[in-house]
Amino acid sequence: MKKVILLLVVLFAVVIRSEAQLERKLENENQPVDLIFHAPRHINLLTVEHLEKKTMHFAIMHTFGTLDGGIENLFGLDNGANIQFSFEFGLSDKISLGASRSSRDKFYNIYGRYLILEQTQNNSVPLSLSFAAGGGIISNPYSFLPQNERPQFTDRLAYFGQVMLARKFSKKISVQLSPMLAYFTNPLDIYQIEGSQNFYLGLGFSGKYKVTDRSSLTLQYIPNLNSDLQSNFGIGWDVEAGGHVFQMYFVTSQALNEQYLLAGGNGVPGEEFRLGFNVNRIFALGQKKK
Amino acid sequence: MRRFLILIVFFFHTEAFSQEYLTKDGEVVFLSKAPLNEFEGRSNSLNGLVNLESNLLDFFVDLNTLKTGIGLRDRHMRENYLETDQFPFAEFTGKMSPMPTLVLGSKTAVNAQGKFKIHGVEREIEVTGFLTLLQNGKVELHASFEVLLSDYEIPLPKLVFYELAEAQTVTIQAILSQKKFP
């Protein structure tokens, strides 16, 4: 009889189980955190936001003249902008390669990013870690200089490297620390940089405070660690609009790429603030059309 | 006593050939058709149960598995619209009414009523789909329905109106296998 009761219990268990709904289970327990930042760029710095394979990130960045000209110069918009275009391609879900051109000194930059760690929602990985490095060339011909005084090819090179360490602390707050270095082979006076050293060390700080579902207050601070140059400071507003991310900001420098950000040209917040504006867009490449 | 055992064996017997069909890799596609931008998202991780005996339908998909082809767009979708960190699943639980009689090889229209839940909001919906009993004993399912984002408190800001449609067409397709008794 005991056996029968046991069998009955098993039977009921089976019946009950088959009547029940499916158990809701996540496909991936270690789901990465989404959007530590809104875009692969944040004001002027690269972020841990990576590109997926076969996607392209296109960014146009502008920084204008200083605000102090007032309405006469339309708050700096008349003074000529530094404009940078960049294209970045995802070679895999972790590695991307990009190229950019800034109008300041007609600087061409080639860079790559490698996502090493991705923060997960269950905190099994507590932060995202990414690495970026690149090299560029100042292509301004300086044709107003006599032939023998123009910079040679080897005088025109500048490199950078940086580590990006970021964590989304809550739905609202994300912070990234980016130790950065830059090296100019020959920092000539004629270049639009303020420093005269070859080697620059800085610590980038990027902050995001989400205000609404699709917009955030943004912050950037890049103190120089081995020079007396002014530190770069920026404050702004990110807006997601469909496929675009717009970034509007006030910043102390016109510099847009890593090498120039570290080599100076920064003003004092309040005195030499200027407007800046980025447009980010991501495209999918090489996918079948329906 | 013996009769009792026979009865139990009989129960097991019917259980072993239960009318319960399962899938773990059904396909879910949503289509967003906005004036400026048309795109679709896709997942092949639809979990489903169709019980033709007890008339139970139960489906869910982990929304983290939806891919639109652009990674950043997926992240924006999860973070700002679906809020998958809080509401990871889209779920439907319901029943068929009237109960269909499936004929081998022929596509039978099925009317299902039940609760659909996404973004933490549950609503009664009615879906018309098709079930086909296949030669190999499996059941093929095909259904399509519309989801209005505002019904599920998924905000659609004016700024993105041209890029994201308010009415999303959701299509599900799956082949369900008869549950094997363990």
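Glu88(A) stands opposite Gly98(A) of strand β5(A) in this predicted model. Strand β5 (residues 95-102) of chain A runs antiparallel to strand β4 (residues 82-90) of chain A, and seven bridges join the two; strands are taken to pair if DSSP finds at least two bridges between them. Helices (H or I, at least four residues) and strands (E, at least two) are DSSP runs, numbered from the N terminus. Local features need pLDDT of at least 70 and side-chain atom pairs count only at pLDDT 80 or more, whereas totals for chains, interfaces and linings use all residues of the predicted model. Residues are numbered from 1 along each chain as its sequence is written, while chains are lettered from A and ligands numbered from 1 in the order in which they are written.

In chain A, a barrel is closed by twelve strands in the order β3-β4-β5-β6-β7-β8-β9-β10-β11-β12-β13-β14, with antiparallel pairing. From one strand to the next, the twist averages 20°, with axes being lines fitted to C-alpha atoms and angles running from 0 to 180 degrees between N-to-C directions.

Chain B contains two helices and eight strands, arranged along the sequence in the pattern α-β-β-β-α-β-β-β-β-β. Of its 182 residues, 30% are buried, that is, have 20 or more other C-beta atoms, placed from the backbone, within 10 Å of their own. Residues are in contact if their C-beta atoms, placed from the backbone, lie within 7 Å. Among contacts in chain B between residues at least 6 apart in sequence, 56% join residues at least 24 apart.

Helix α2 (residues 71-82) of chain B is largely enclosed by the rest of the structure, because ten of its twelve residues are buried. The buried positions of α2(B) include Gly71(B), Leu72(B), Arg73(B), Glu79(B) and Leu82(B). The buried residues of this helix pack against β3 (55-66), β12 and β14 of chain A. Following α2(B) is Glu83(B), with a positive phi near 50°.

Between the two chains, 28 residues of chain A are in contact with 37 residues of chain B. On the chain A side, two or more residues each come from α1 (2-19), β12 (232-241) and β14 (274-284), and α1(A) gives the most, with six residues. This side of chain A comprises eleven nonpolar, nine polar and eight charged residues, where Ala, Val, Leu, Ile, Met, Phe, Trp, Tyr, Cys and Pro count as nonpolar, Asp, Glu, Lys and Arg as charged, and the others, Gly among them, as polar.
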